[in-house]
Amino acid sequence: MIRIMSDVPTDPALRDLLMTATRTLRRRWHATLGPWELSPHEHRALHVVGHSPEPLRLGDVAKALRIAPRSATEVIDRLETRGLTRRVADPADRRAVCVHLTDEGRRITAELDAARDAEATEFFAHLDGPERTELARLLTKLADG
């Protein structure tokens, strides 16, 4: 539900600046992924699968990525072809399929996590400590709204 508060004018420039900053960060991250030849969706899938304490059902991967189960299957297929994930039978229900990272998938995920941290450090380096703290506070306030 969208609430419009008539006594607080919306500043389109503020909206556009936030969207531009977000697009810039995404564009930079997409370029950073280049050496690994992974798409942002594939990275997100590796992140979701790799940070789960146990193998995930494909439906849970789809839910975590907010994509259709068929799309999650396609992403996992590409990762499996590259040897980064492996399907296994669900121990609780052998009719279901789970997915987990291979050793290579864990290695790549660790590299990607380090690259993403370095990219964020560079991106936010334009802000000093108090500015980063204030930005985090404001974005949290917007996200929680």
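This is a predicted model: local features need pLDDT of at least 70, side-chain atom pairs count only at pLDDT 80 or more; totals for chains, interfaces and linings use all residues.
Me: OK, and is Glu134 buried, partly exposed or exposed?
Reply: Glu134 is partly exposed, with a relative accessible area of 34%. Buried means under 20% relative accessible area, exposed means over 50%, and partly exposed lies in between (1.4 Å probe, protein chains only).

Me: Switching to packing, what is the angle between H2 and H4?
Reply: Helix H2 (residues 40-50) and helix H4 (residues 69-81) pack at about 85 degrees, with their axes 10 Å apart. The axes are lines fitted to C-alpha atoms, for helices over the stretch in contact, and angles run from 0 to 180 degrees between N-to-C directions. The two helices, H2 and H4, are therefore roughly perpendicular to each other, given that angles under 35 degrees count as roughly parallel, over 145 as roughly antiparallel, 65 to 115 as roughly perpendicular and the rest as oblique.

Me: Which residues make that contact?
Reply: From H2 the contact uses His41, Glu42, Ala45, Leu46 and Val49, and from H4 it uses Val75, Ile76, Arg78 and Leu79, where contact means heavy atoms within 4.5 Å.

Me: And what else does Leu46 touch, or rather, which residues does Thr109 touch?
Reply: Thr109 touches Leu46, His51 and Leu101, not counting residues up to four places away in sequence. Thr109 itself lies in helix H5 (residues 103-124) and, at 7% relative accessibility, counts as buried.

Me: What about aromatics, how many pairs turn up?
Reply: A search of the whole structure finds one aromatic pair. The ring centres of Phe123 and Phe124 are 4.9 Å apart and their planes are at 90 degrees, so the pair is edge-to-face. For this, rings of Phe, Tyr and Trp (its six-membered ring) pair if their centres lie within 6.5 Å, with planes under 30 degrees apart counting as stacked, over 60 as edge-to-face and the rest as tilted. Phe123 is buried, with a relative accessible area of 16%, whereas Phe124 is partly exposed at 27%.

Me: Which residues have a positive phi without being glycine?
Reply: Among them are Glu37, with a phi of about 55 degrees, and Arg66, with a phi of about 60 degrees. Most residues other than glycine have a negative phi.

Me: Where do Glu37 and Arg66 lie?
Reply: Glu37 lies in the loop between helix H1 (12-33) and H2, and it counts as exposed at 66% relative accessibility. Arg66 lies in the loop between helix H3 (58-65) and H4, and it counts as exposed at 74%.

Methods: Residues are numbered from 1 along each chain as its sequence is written. Side-chain values use heavy atoms; hydrogens and water are left out. Helices (H or I, at least four residues) and strands (E, at least two) are DSSP runs, numbered from the N terminus.
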